[in-house]
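Please read them with the coordinates open.

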Amino acid sequence: HFQQHHDTFEFSLNQEESVKYFEAITTPVKRNHEYLGTIIQFRETTNRKNSDEQVKAIYSKSPIAICLNYLETGEFVDVNKSFIEKSGFQRDEIIGKKPLELGIWNEPADWQFQRFCTLLNENGFVDNESFIFRNKQGNTIHGLISATKINIHNDQFLLCNVIDATQQKKSEELVKTQLTAI
């Protein structure tokens, strides 16, 4: 009867112009509590590591406000830099809170939130729907929100992207005012 326990280690090797990433899986081999040796398996993970880095860069550098919420409770799990900048809240003020607790839905907040939930429940997603939000300072933000349900490690989340359309909305209002004056 063989007993096995796995340990995984990650390491990188610097080559002339590039870095290669590897994973080493070590498995000690024992028989009746007697150590017989270790099996070491190597696997190159460069492509996966590069993909992970690309996703992180897109997420953190995106001008679009992105947030990840628990689907069941609505609590914020993570937000990107753009979300923090546009909302006016610090990360530690956001994580673990619900959107209604932060007051980011503009009045009537209940109606807007209910409309969002209805769209999400009816379609399973929300696609570029217009909503009005409020930042910490109380300023209104016209946003186009897209949201989709995702599964990560068997947990259900809601991934939301909000495009700030405030300037576009102001421009539309200005054009409308100028056309009315003619």
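**Notes on the predicted model**

1. Of the contacts in the protein chain between residues at least 6 apart in sequence, 32% join residues at least 24 apart; contact means heavy atoms within 4.5 Å. This is a predicted model, in which local features need pLDDT of at least 70 and side-chain atom pairs count only at pLDDT 80 or more, while totals for chains, interfaces and linings use all residues. Residues are numbered from 1 along each chain as its sequence is written, and side-chain values use heavy atoms, with hydrogens and water left out.

2. Overall form. The protein chain has six helices and nine strands, taken as DSSP runs numbered from the N terminus (helices H or I, at least four residues; strands E, at least two). Its radius of gyration is 24 Å, well over the 16 Å that the globule rule gives for 182 residues, so the chain is more spread out than a compact globule. That radius is taken over C-alpha atoms, and the rule is 2.2 Å times the number of residues to the power 0.38. The C-alpha trace spans about 90 × 40 × 30 Å along its principal axes.

3. Burial and surface. Of the 182 residues in the protein chain, 29% are buried. Buried means under 20% relative accessible area, exposed means over 50%, and partly exposed lies in between (1.4 Å probe, protein chains only). The chain exposes about 12,600 Å², and carbon and sulfur atoms supply 52% of that area. Accessible areas come from the Shrake-Rupley method with a 1.4 Å probe; for residues, only the protein chains shown count as cover.

4. Cysteines. The structure holds zero disulfides, a disulfide being a pair of cysteine sulfur atoms within 2.5 Å. C67 counts as buried at 5% relative accessibility, and C160 is buried with a relative accessible area of 5%.

5. Salt bridges. A search of the whole structure finds six salt bridges, each a side-chain nitrogen of Lys or Arg within 4 Å of a carboxyl oxygen of Asp or Glu. One of them joins the side chains of K20 and E44 at 3.7 Å, N to O. This pair links distant parts of the chain, with K20 in strand β3 and E44 in strand β4, 24 residues apart. K20 is partly exposed at 29% relative accessibility, and E44 is partly exposed at 45%.

6. A helical pair. K81 forms a salt bridge with E85, with the closest N and O atoms 3.9 Å apart. The two are four residues apart in helix α2 (residues 81–87), which means a separation of about one helical turn. K81 is exposed at 52% relative accessible area, and E85 is exposed at 54%.

7. A helix-to-strand pair. In the salt bridge between E129 and R115, the closest N and O atoms are 3.1 Å apart. E129 lies in strand β7 and R115 in helix α5 (residues 109–123), so the pair ties together parts 14 residues apart in sequence. E129 is partly exposed at 25% relative accessible area, and R115 is partly exposed at 24%.

8. Backbone angles to check. H33 is not a glycine, but has a positive phi of about 65 degrees. H33 sits in the loop between β3 (19–31) and β4 (34–44) and is exposed, with a relative accessible area of 70%. N128, also not a glycine, has a positive phi of about 50 degrees. N128 is in strand β7 (residues 125–134) and is partly exposed at 42% relative accessibility.

9. Around L71. Where is L71 placed? L71 is in the loop between β5 (65–70) and β6 (76–79), and it is partly exposed at 29% relative accessibility. Apart from neighbours within four places in sequence, L71 is in contact with L120, K149, Q156, F157 and L158.

10. Nonpolar patch. V175, L179 and I182 make a nonpolar surface patch of about 360 Å². Patches are made of residues with over 30% relative accessible area and no salt bridge; like charges are joined within 9 Å, and nonpolar side chains (Val, Leu, Ile, Met, Phe, Trp, Tyr) within 5 Å. L179 lies in helix α6 (residues 166–181) and is exposed, with a relative accessible area of 57%.
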